[in-house]
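Student: I've got a model open and I'd like to learn how to read it. Can we go through it together, starting with the strands?

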Amino acid sequence: MRLIRELRSCVVFMRGQLVGVSGNGIGNGNLKVTPRRMMSGKTYNVPPSSEFVARVSGIATMAKLPYQETAEGLDAAFIGVPIDTGTSNRPGTRFGPRQIRAESVILRNYSGTGAAPWESMMVADIGDVNVNLYDIKDTCKRIREMYRKVMVNGCIPLTLGGDHTISYPILQAVAEKHGPVGLIHVDAHADTGDMSLGVKITHGTPFRRCVEEGLLDCKRVAQIGLRGTGYTPDAYSWSREQGFRVVRAEECWYKSLVPLMTEVRAQMGKGPVYLSFDIDALDPAFAPGTGTPEIAGLTPIQGLEIVRGCRGLNLVGCDLVEVSPPYDNTGNTAITAANLLFEMLCVLPKIKYY
Ligand SMILES: [Mn+2]
């Protein structure tokens, strides 16, 4: 198995090189040298370094990882779910996965925490769910079916959204495999609405549907960053009634979230945990490229503290949703999303730290 992985890793890397540099004057000498320099133990996929391949060169995959069509042989996979058909306000998240991939070229090998994902796990980008933009129920079915296949041999899905509707069918597949899971939900909104205009499946309802179907271990659910105007005096009472811990944005202002995450880790215990991060949890000054922005949100530092605070948990899946590129011409929202996804990878079980 190790030999097969070594060979495959080599081929993949060489293929990455050829995709990236063909015809631009880099000779075969580099193709021989580069894998030796950049492959860690020759066991896992390692994205090409910008020392050898221009960042902007090649077909855009998450973190410049190799693309493969299925999750076979992978410990973790990046997957795009390009929909915005569940959104209630500004659209555009159907373009999120593409822009996150495009901006992810800035990612390198190690986190600032010392995490070394490319030395720890076999990871690749397995492309997008073949969504149906004309039918959200059919899209949910397609998502559920793909994630079942992805997880069948233990691969951990890391999702590039897409509006927040997608967490519902993903969690259906996750709970099918792991049973009811703990949930760390980072968001400006609780996303626990019942229905809008008579429709039950929207980006405002995924966690209500999850509770109804028994997909969550409700005592192990934390919602962090909630804020904004509400239709009732206490918009989060339904969450609390289910047993969720609700941490409003106001409770996060002016603070490090490291102590909060110590409590959240204790709440989650040893059971399986899913992390769902809506980019609108961050303040729109930092992440304007999203569909339902709310003022006075979290900082990117607090976002990192939350994700890094998940280290040690039994994470079985993560998503980063609601990036809407048309509302951020700088691309900084997508850069932030790409970095948060990388940090999610870095806190998965089995990741080596220096
Ligand atoms: Mn959301």
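Predicted model: local features only at pLDDT ≥ 70, side-chain atom pairs only at ≥ 80, totals over all residues.

Student: Got it. Which residue is the bridge partner of aspartate 278 in S8?

Tutor: In general, strands of a sheet pair through backbone hydrogen bonds, either parallel or antiparallel. Here, aspartate 278 has valine 321 of S8 as its bridge partner. Seven bridges link S7 and S8, and the pairing is parallel. S8 also pairs with strand S3 (residues 156-161) in the parallel sense, over three bridges, and there leucine 158 sits opposite cysteine 318.

Student: Is S8 largely enclosed or open to the outside?

Tutor: Enclosed, for the most part: seven of the eight residues of S8 (residues 314-321) are buried, so the rest of the structure largely wraps it.

Student: What order do the strands take in the sheet?

Tutor: Read across, the order is S2-S1-S3-S8-S7-S4-S5-S6, an open sheet of eight strands with parallel pairing. Strand S2 (123-128) and strand S6 (245-248) are the edges; each has a single partner strand, so one side of each lacks a neighbour in the sheet. From one strand to the next, the twist averages 15°.

Student: How do H4 and H5 cross?

Tutor: Their crossing is right-handed. The axes of helix H4 (residues 136-151) and helix H5 (residues 167-178) come within 8 Å and cross at roughly 35°. The contact residues comprise eight nonpolar, one polar and four charged. Among them are Cys140 and Ile143 from H4, and Ile170 and Ala173 from H5.

Student: Last one: why does threonine 292 count as buried?

Tutor: A residue needs 20 or more other C-beta atoms within 10 Å of its own to be called buried. Threonine 292 has 21 such neighbours, so it qualifies. Threonine 292 lies in the loop between strand S7 (272-278) and helix H9 (300-308). Beyond its sequence neighbours within four places, threonine 292 contacts Ser88, Asn89, His189 and Asp280. Threonine 292 and proline 91 are 201 residues apart in sequence, with their C-alpha atoms 9.2 Å apart.

Methods. Residues numbered from 1 in each chain as written. Axes fitted to C-alpha atoms, helices over the stretch in contact; angles between N-to-C directions. Helix = DSSP H or I, 4+ residues; strand = E, 2+ residues; numbered from the N terminus. Left-handed = near helix turned anticlockwise from the far one by under 90°. Contact = placed C-beta atoms within 7 Å. Nonpolar A, V, L, I, M, F, W, Y, C, P; charged D, E, K, R; others polar. Buried ≥ 20, exposed ≤ 12 C-beta atoms within 10 Å, placed from the backbone. Pairing = 2+ DSSP bridges.
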